[in-house]
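Subject: Structure for your files

Hello,

Here is the structure I promised to pass on. Please open it alongside this message, as the notes below refer to it by residue.

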Amino acid sequence: MQHESNGTVVQDRTADEPPGSLIARDCLLTRARQISRVLTSVYDDALRPFGIVAPQFSLLVLIAKFGPISRSDLSRRNHHERSTLTRNLQPLIAQGWIAEDVPASDGRSRPLSLTHEGQALLKNAASAWSVAQSHATSFLGEGGAHELIDIARKLPLRML
């Protein structure tokens, strides 16, 4: 492994190694997405009995913490594209776990908040989340789990 002058970390490369091999081996995006898929499946498996998947559960948690919150603020906090956010919110609203309030003073945003049913779901699913969290921490190791949380804390709010 070597550090280039721009701070990039790359593995030592032989002269005849095709770029695709280097990228496949060292691409941070590819590795982060692989880790994300594995972690998502751990949480999905734990939350399935509650009729919710990990991305939806994350939205419930954020709305519980920051709500009432507009879709655009929620999108910025969670780095969501508008279409992805809408797709994940629709079943939560349909199930009655999240409510869209009357339009705010700007006449456009409809703040999102948890309903009593959504609060109950969050409370009931907390033990399943805890089991998934333990599995994920075992997978990443304590140090890896802490590093991941530290990296996430340093992310800036997404600019739309």
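What follows is a summary of what was found, from the overall fold down to single residues.

Please keep in mind that this is a predicted model.

Overall layout

The protein chain contains 6 helices and 4 strands. Read from the N terminus, their order is β-β-α-α-α-α-α-β-β-α. Of the 160 residues in the protein chain, 26% are buried. If you take contacts between residues at least 6 apart in sequence, 49% of them join residues at least 24 apart.

In soluble globular proteins, nonpolar side chains tend to be buried together. Here the largest nonpolar core has 26 residues, and those with the most contacts inside it are I52, L60, I63, L74, L89, L92 and I98. Two or more residues of this core come from each of α2 (28-47), α3, α5, β4 and α6.

Setting aside neighbours within four places in sequence, I52 is in contact with L47, F57, L60, L92, W97 and L121.

Helix α5

Helix α5 covers residues 82-94, which is 13 residues. From its first C-alpha to its last it reaches 18 Å, close to the 18 Å expected at 1.5 Å a residue. The buried residues in α5 are L85, N88, L89 and L92. An α-helix has 3.6 residues a turn, so residues three or four places apart point the same way. The cover over the buried residues of α5 includes the helices α3 (54-66) and α4 (71-78), together with the strands β3 (98-100) and β4 (112-114). After α5 comes G96, which has a positive phi, near 85 degrees.

Charged residues

The structure holds 5 salt bridges. Three of them are described here, including one between R71 and E100, whose closest N and O atoms are 3.0 Å apart. This pair links distant parts of the chain, with R71 in helix α4 and E100 in strand β3, 29 residues apart. R71 has a relative accessible area of 26% and is therefore partly exposed. E100 is also partly exposed, at 27% relative accessibility.

R48 forms a salt bridge with D45, and their closest N and O atoms are 3.0 Å apart. R48 counts as exposed because its relative accessibility is 52%, and the cut-off for exposed is over 50%. D45, at 48%, counts as partly exposed.

D26 forms a salt bridge with R25, with 3.2 Å between the closest N and O atoms. R25 is partly exposed, at 33% relative accessibility.

Aromatic rings

How many aromatic pairs does the structure hold? The number is 0.

A residue in α6

T137 lies in helix α6, which runs over residues 116-154. Is T137 buried or exposed? Its relative accessible area is 18%, so T137 is buried, the cut-off for buried being under 20%. Apart from neighbours within four places in sequence, T137 is in contact with E142 and A145.

Regards

Note on methods. Residues are numbered from 1 along each chain as its sequence is written. This is a predicted model: local features need pLDDT of at least 70, side-chain atom pairs count only at pLDDT 80 or more; totals for chains, interfaces and linings use all residues. Side-chain values use heavy atoms; hydrogens and water are left out. Buried means under 20% relative accessible area, exposed over 50%, partly exposed in between (1.4 Å probe, protein chains only). Contact means heavy atoms within 4.5 Å. The expected span of a helix is 1.5 Å times one less than its number of residues. Rings of Phe, Tyr and Trp (its six-membered ring) pair if their centres lie within 6.5 Å; planes under 30 degrees apart count as stacked, over 60 as edge-to-face and the rest as tilted. A nonpolar core is a set of buried Ala, Val, Leu, Ile, Met, Phe, Trp, Tyr and Cys residues joined through side-chain atoms within 4.5 Å. A salt bridge is a side-chain nitrogen of Lys or Arg within 4 Å of a carboxyl oxygen of Asp or Glu.
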